[in-house]
Amino acid sequence: MAKNGCPTYRSTRGGQSGLQFEDAVFEGLARDGGLLVPDFIPDVSSTLKSWSSLAFHELAFEIVSRYCPEDVIPAPDLRELLKKSYSTFEHPEVVPCPKYGDIHVMELFHGPSSSFKDVALQGLGNLYEYFLKRNPRRLTILAATSGDTGSAAIHGLAGKEKIDCFVLFPEGRVSPVQQLQMTSVLDANVHCISVEGGTFDDCQNIVKELMSDLDFKQKFGIGAVNSINWARILFQITYYFYTYYKLCPACDGELSFSVPTGNFGDILAGYYAKRMGLPVKHLIVATNANDILHRFFTCGEYDKGQVYATTSPSMDIQISSNFERYLFYLYGEDSSKLAGAMSSFKATGKLHVDEQTRELASRDFLSGAADNDMVKAAMQAYHKAHGYMLCPHTACGVCAFDQLQRKDVLGAGHKVVVLGTASPAKFPEAVVDATGVQPPPPPAIARLEGSKTKCMKSLNSAQSIYNTIERSLYDRGTYLHYADRPKEERCDALPCEAGMWLVALDVEGTLVGEAWLELQRKTGLEELKITTAHEPDYDKLMMYRIDVLRRNGIKLQDMKDVIGAMEPLPGCKEFLEWLKKVVPRVVLLTDTFEEYAMPLFDKLGFPSVFCNSLTVSEQGEITGHILRLRDQKRKAVESFQRLNFRVIAIGDSFNDISMMKAAEGGILMHASEKVVKAHGGEFPICTDYDALKERILDIVMRPPATPAKPLVIPTPLEYESAYRRMWLVLTNVAGTFAPEPWPALGAMTGIEELSTTTHDVPDYDNLMQVRARLLREHKITLENVYEKLKCLDPLPGANDFLTWLKPVVPRSFMISDSFEEFAEPIFQKLGHPMVFCNFLESDTEGYMVRHVVRLRDQKRLAVEEFQRLNFRVIAIGSSYLDVPMIKTAEAGILFKPSKHITDAHPDIATAMNYEELKTRILEIIDTGS
């Protein structure tokens, strides 16, 4: 038993016990497939009268605090959480209970989604948010809905940090309003999935199957908001007590409740309320034509049958998930007996009890069922007699009450409450058919008109849903947490060293238009229509083009004017933004000339790196084309593979085929018919960016992991050195353009020892072990580290320096031996793609355990590979770890080095500020050294 007399939680099937409240909330479905229940039910009979005048959120506190001890959520926090949860309801009483004829209607539909599910899910969403603020984990909610749970879950979780919400619903089996309530929520963490050809039972079975897969559950941090989650039931108990106090303020009578139910969660909350001491005379199970529960309580037979589509779709269910919780109590809390019964039911679809057991059940619950005609008649009658509109689900509750009243089994002298589960405006077709009147929409529904929507479709299988979830999280970037990544996602191109993916894109034809075709359109010269898509021999093609330009008097400036007016292809910038989240390491390539590449690369937000050049006469005429490196795109792929990346190469022409064959994955984008005919069988073909996204995800996430290609033996550094004219700056970003992360963290946390860096200590592995120990000692998780470092900005003057550098040396790469969560936001603020970095890994508690080096001595090796790609490299760094790359480069500079380093390496040029750095770079370029 936990503190304050609160229960712990156990599985109905006996496989788990002793869970604390927070664990039970996150667990959802028990690991043995059962449902979690409290190990005892608190009795509040002695305090019943003292609660009678409490507001709804105050009463919710009294009930929830009986199940959640103060050491899990302190009382002030719990009070505030519940007050916040019910402040979103439009009615001041939260759940008013007006009387019409012989019954009271408990109106549970004044929340954000206009259904009873809001009472629980507003609370559960805030509960998850509260727990996640102090927890390094992320949470992926997986829910099945027959209509109302989905919209209520989405409205409870939309926009909440560290949570993604996936809602499955059967295609064509929810009302149009219900579907719009879900799909019109456009928050990035909300994902609606329409299951093709499925029923709610299919959706629910998929959820249960996936939640029973412990690897899947752990990998994505899966949680539940369906009523299989104990907290759902707990929050719903409140409205039974609240309504009792409204109708019996002196606590001197009994109430009966008629509850429309399909999944048995709503009425189970009433059962718990009764067990806690609430004076309840009857609990009436009200079903529609899908009457499996009614058959159990009248015949003792719980047999799965066909799911019928009715006017009350939220109850179109044949397997009631929460019924297992009640069976646990009906079987005398015998877990082994229940586990056997549920195993047999899963195999046969049948569960029968003897007459004695059925009679015991009938003491807890009465029942009734209504088909569509009976529901319609009840809706008509109430509208005619009272001017009151019932939703078709609420009408099922009225029908069950009428049936039992006619049989004279309810008895006299007590009040009856029908639970109004949803606004009639959610089911306008059924309401109009019954009453002839369009139901007035509440504000929450009125706002939906004309809303944009988003929704995915999936096949009716657990594997398809698994794939959809995995891709969506990868797409959104929330799966890119290296402590959670399976090891196979890191390539092993070099033994024992972790790698990652990189995308190499040929720009022309995939992201921007072909420069020569644009010139053709402007000039009308038919001869310029020929490209590498038609003529694979690039040298031959360029000489032909130059001859065409010369004969027609077109000079380099004419081409610059045309290119300056060119814009990236529609949708490509959005694609690149998407790509950065999925594969943040992106390199743009082009075989065309620098005057074309630089302005377009700049418009795309990338430094111009790989291109060729032109020779020009004094009169400005183009006289020749200089290849910086023959077959540069293929060689670039091979260089990045040697730097321990797995590469996806994307191109459109014959000139791109060699790089695509060299890469781990190749994709043709916007390819001509001739290219498709020659190579369409070798590579997937895409004609738009959505298709390209799908192909990239296929490669990155395809099981089993795409293997790394064998490494190609590099060419000697002297090869083609005669063409080596283009300079490239390679900079260690930490200490040069951005603060060192560990001293910055030391300043933020007050941990002075974190300020030690490789400026002072060359042994990096030992230094990282010390840092890991310090973080654990001070109870700082990696999630805490990442959050703190997000606020770091580039060093003063860094962005201005890079703006100066671009026209001087337009090709620049940044590198960091630090970890990705530091590097990525800083690189973005500096306007550079994030390419080279390492990782930190955490243990199950979220604490750093080690620093994973993606590639040993990566900075020196990067210099060598860029030299092989025929660049002249200027290397800039500040620490001991930068010295090997500085000495390997054609020229090197130490920026603001410590005295330790300058004393050890007096031969390396230094710069103590950005003005000095500019001077050193100009000296290097001018002298050609």
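Mentor: Let us begin with Lys 426, which is found in the loop between β14 (415-420) and α17 (428-435). Helices (DSSP runs of H or I, at least four residues) and strands (runs of E, at least two) are numbered from the N terminus. The model is predicted, so local features need pLDDT of at least 70 and side-chain atom pairs count only at pLDDT 80 or more, while totals for chains, interfaces and linings use all residues. Residues are numbered from 1 along each chain as its sequence is written, and side-chain values use heavy atoms, with hydrogens and water left out.

Lys 426 counts as buried because its relative accessibility is 0%. Buried means under 20% relative accessible area, exposed over 50%, and partly exposed in between, with a 1.4 Å probe and protein chains only. The side chain of Lys 426 reaches the backbone oxygen of Ser 113 at 3.0 Å.

Arg 551 counts as partly exposed because its relative accessibility is 46%. The C-alpha atoms of Arg 551 and Cys 572 are separated by 35 Å, although these residues are 21 apart along the chain.

Next come the strands. Strand β6 (residues 163-170) is largely enclosed by the rest of the structure, because eight of its eight residues are buried. Both of its faces are covered, with Ile 163, Cys 165, Val 167 and Phe 169 on one side, and Asp 164, Phe 166, Leu 168 and Pro 170 on the other. Strand β5 (residues 139-144) runs parallel to β6 and is joined to it by six bridges; Ala 144 stands opposite Leu 168. Two strands pair if DSSP finds at least two bridges between them.

Strand β27 (residues 872-877) is likewise mostly covered, with six of its six residues buried. This strand pairs in the parallel sense with β23 (residues 727-732) over five bridges, and four bridges join it to the parallel strand β28 (residues 891-895). Ile 874 is the bridge partner of Val 729 and also stands opposite Ala 891 in β28.

An open sheet of seven strands has the order β19-β18-β17-β16-β20-β21-β22, with mixed pairing. Its edge strands are β19 (622-626) and β22 (685-686), each pairing on one side only. Within it, β16 (residues 500-506) and β20 (residues 645-651) run parallel and are joined by six bridges.

Finally, the whole structure holds seven cavities of 30 Å³ or more. A cavity is a set of points, on a 1 Å grid over the protein atoms alone, where a 1.4 Å probe fits but cannot get out; lining residues have an atom within 4 Å of a point. The largest cavity has a volume of about 230 Å³, volume being the space filled by probe spheres set on the points, which are joined across faces, edges and corners. Its lining comprises 23 residues, of which Phe 116, Lys 117, Gly 262, Asn 263 and Ser 314 lie nearest the centre. Helices α5 (148-157), α9 (230-247) and α10 (265-276) each supply at least two residues of this lining.

Key
On a 1 Å grid over the protein atoms alone, a cavity is a set of points where a 1.4 Å probe fits but cannot get out, and a pocket is an open set with protein on both sides within 12 Å along at least five of seven lines; lining residues have an atom within 4 Å of a point. A polar contact is a pair of N or O atoms within 3.5 Å; within protein, one must be able to donate a hydrogen and the other to accept it, and residues adjacent in sequence count only if both atoms are side-chain atoms.
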